[in-house]
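Visitor: I have a structure on my screen. Please show me how to read it.

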Amino acid sequence: MKWTWVLVAVLLSFGGLSLGKESLDFPEYDGKDRVHDLNAKNYKSVMKKYDVMVVYYHDHPGSSRVAQKQFEIEELALELVAQVLDEFDDEDIGVGLIDAKHDKVVAKKLDLDESDSVYIFTDDEVIEYDGEFAADTIVEFIYDVLEDPVEIIDNSRELKGFENIEEDIKLVGYFKSHKSEHFEAFADAAEEFHPHIKFFATFSPKVAKALELKLNEVDFYEPFIDDPVVIPGKPYSEEELVEFIEDNDRQVLLIRFSVSLFFPQDDDVEGEHIIAFAEESDPDGFEFLEILKEVAEDNTDNPDLSIVWIDPDDFPLLLPHWEKTFGIDLSYPQIGVVDAGDADSVWMDMDEGDDLPSVDELEDWIEDALSGARVCVKSKFHSFRPTIRCLGLSLCWHFKLRLIHEDYG
């Protein structure tokens with residue numbers, strides 16, 4: 001994964017963001033060097049010192065001043081990550097750098113095959129972080145890695161918290177106890193997808209009744225879809241659960257732009273992509289998001305549709321750039337189709353003061369736009385990929401419906 005034009009993303013991350021897991025303000029960098037330069041002589045001894053090791057395997061910046069400046073920004077982000085993690089009591093977590101040019105031997109021994117990527121080494125696995133190169137999101141991802149793969153729901157308060165998770169794929173099962181062989185199979189399957197997919201379990205008959213779960217049964221929830229899919233064939237083996245999840249891992253509707261954060265992604269950015277701008281805090285924006293959710297629910301079985309949601313409130317520094325690039329007014333909801341192959345885009349004619357489209361109208365417009373039919377649009381030729389990369393992201397734009405949520409605090 002390539003971290004290009006990372007400056008904006010890093011600056012956004014240093015602006016007093018709130019760390020969702022701990023509800024703490026992100027601190028300023030204190031100037032203390034904590035990030036290790038790993039090489040053939042020291043990497044074993046350094047990594048043995050920590051329970052968890054975060055490693056950035058990076059391209060050598062060379063003599064390019066732009067590349068050198070970008071690498072300095074990346075180092076600063078990692079120093080802030082290391083500073084925050086230094087205060088984490090439960091685990092000793094280290095942060096290190098491996099240069100793809102000078103430390104090829106180390107990279108080979110650690111099986112690092114993709115430069116400009118972040119890897120998290122734990123006791124029993126290596127997890128590649130394929131999200132935004134920003135201190136807050138890296139730390140949040142590491143906290144997710146350190147959590148148990150299965151979260152237990154014991155009471156109504158925890159059940160309410162489960163029900164409030166709308167934006168992620170989640171699974172929940174009802175089992176007799178921790179010692180149940182069926183729970184063990186469920187937990188083993190959870191480890192295969194941890195921390196990217198959320199797994200929950202309950203041993204409480206009362207909670208199971210509220211969820212309408214039978215013993216040893218597992219429900220699969222897609223984002224923003226109220227009714228779960230009951231995984232057939234209970235009780236399940238680990239292999240059966242993994243197979244079902246892999247066959248159904250197509251998150252519905254929205255990538256809240258900036259999270260393709262926590263999901264491993266492909267490098268294929270070809271094809272047509274639907275982009276929606278809507279402010280969740282704005283009445284019109286909220287209404288438009290509800291319409292998008294209905295479109296997603298109507299098309300949950302359509303593998304050839306994905307929608308990327310961008311909340312303009314999350315990116316105040318980028319609004320003028322986006323308005324100029326796309327030729328649209330972001331004070332009002334907007335939706336368009338972008339072809340990453342020839343850099344063409346079309347935008348639905350949505351002006352402030354007009355009624356928002358209905359679900360049927362929006363579905364018809366998307367179908368016509370994707371099919372190349374003549375539609376009432378605002379059109380602008382532009383280079384789409386730099387708009388993505390100015391946020392330091394390399395997103396997966398193929399047509400698997402994915403929802404990835406990020407909170408910018």
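Guide: We will go through the sheet, then some helices.

Guide: This is a predicted model, where local features need pLDDT of at least 70, side-chain atom pairs count only at pLDDT 80 or more, and totals for chains, interfaces and linings use all residues. Residues are numbered from 1 along each chain as its sequence is written, and side-chain values use heavy atoms, leaving out hydrogens and water.

Visitor: What is the order of the strands in the open sheet?

Guide: Strands (E, at least two residues) and helices (H or I, at least four) are DSSP runs, numbered from the N terminus. Two strands pair if DSSP finds at least two bridges between them. Here the order is E3-E5-E4-E6-E7, with mixed pairing. Strands E3 (36-37) and E7 (126-129) stand at the edges with a single partner strand each, so one side of each has no neighbour in the sheet.

Visitor: How many bridges join E3 to E5?

Guide: Two, and the strands run parallel. Histidine 36 has glycine 96 in E5 as its bridge partner.

Visitor: How do I check a helix's length?

Guide: The expected span is 1.5 Å times one less than the number of residues. The 22 residues of H3 should span 32 Å, and its end C-alpha atoms are 31 Å apart, which agrees.

Visitor: Which residues of H3 are buried?

Guide: Buried means under 20% relative accessible area, exposed over 50%, partly exposed in between (1.4 Å probe, protein chains only). Among the buried residues of H3 are Phe71, Ile73, Leu78 and Val81.
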